[in-house]
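Dear colleague,

Please find the structure below, handed over for your records. My notes on its aromatic rings follow it.

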Amino acid sequence: MHQVPLALIDDANVATKHFINTFQNRTDGALTRPGEVEPEMFLVSRSGGKTDLKKIFHFSHDLLDTDFVHRWRADMSQADSYHFNMMAKLHNRLNDFAICFIRELEASYPDLFAPSVVANVRASMEEVLPYSTTTTRGLWYPSHSGQRGAKGHLDRSLLTLHCGDSGGELRGHPIWNGDSAFPTSPEKGDILIFAGVKMLYATRGRILPLWHSATTAKDEDRHALVHFVHTDVGVRVVDAEETYEQYCHAHRHDPVAFYNDWWEATKMGGRD
């Protein structure tokens with residue numbers, strides 16, 4: 001596993017909560033990229049129902065070019081500046097890890113990726129690309145009586161880099177949409193890397209995305225830092241599960257059996 005200094009993880013978690021508290025009552029903090037409908041930049045509050053209530057701080061390089069951030073940074077406080085720089089530092093470090101990991105995969109398996117994947121990943125880290133912009137997400141799940149965490153899902157990304165949890169845990173599922181799961185949260189300072197649905201397209205079906213969920217400890221706030229690496233795979237991914245099923249149908253795979261058989265064949269989760 002790659003590692004991130006513990007102090008940087010702590011600073012980024014504090015920064016997430018700082019910006020959420022600072023901007024939560026402003027309507028101009030939820031920014032939408034060109035071509036998208038749902039806000040995906042800066043501050044986003046989302047609900048997966050009564051059991052999955054979360055507040056999100058998104059950081060990406062395209063955020064730096066928005067008029068909102070230009071106006072804000074011109075008069076930001078010393079505290080704002082410090083926290084913003086911590087998020088930028090974490091984001092850049094995770095970008096570097098992602099590129100190194102992809103290059104290692106390329107070197108070990110020369111025919112793994114479709115052409116131009118790495119170049120497209122580079123672009124996704126530096127440009128405003130609808131549905132294909134690499135983003136670092138700070139998550140805060142405030143404690144309340146019904147809070148349980150995220151239900152099982154796939155990520156829209158090519159790769160997801162997970163920096164660990166406090167007040168909860170990430171769980172991997174060996175069966176598509178099944179109840180069986182095991183803890184997969186990395187130790188604090190380590191980075192867990194797993195595939196999103198774009199990896200399915202980038203590797204032409206050789207690596208599948210991880211079905212995963214998250215739990216939140218009772219009477220505790222959950223904090224998590226997640227980095228979504230994107231690339232243009234020729235398909236606009238709005239909903240990860242629908243995109244996965246479209247790939248399966250196009251290649252005559254049963255979506256459930258395809259995932260379950262792949263998991264068994266690769267012996268995921270340290271089961272061998």
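The notes below cover confidence and then aromatic pairs.

This is a predicted model, in which local features need pLDDT of at least 70 and side-chain atom pairs count only at pLDDT 80 or more, while totals for chains, interfaces and linings use all residues. Residues are numbered from 1 along each chain as its sequence is written, and side-chain values use heavy atoms, with hydrogens and water left out.

The average pLDDT (the predictor's confidence in each residue, from 0 to 100) is 84 for the chain, and 88% of the residues score at least 70. In residues 268-272 the pLDDT falls below 50.

Aromatic pairs (rings of Phe, Tyr and Trp, the last by its six-membered ring, with centres within 6.5 Å; planes under 30 degrees apart are stacked, over 60 edge-to-face, the rest tilted) number 10. Phe 182 and Trp 263 form an edge-to-face pair, at 5.9 Å centre to centre and 65° between the planes.

Phe 182 is partly exposed at 22% relative accessibility, whereas Trp 263 is buried at 1% (buried is under 20% relative accessible area, exposed over 50%, partly exposed in between, with a 1.4 Å probe and protein chains only).

Yours sincerely

Technical notes:
Contact = heavy atoms within 4.5 Å.
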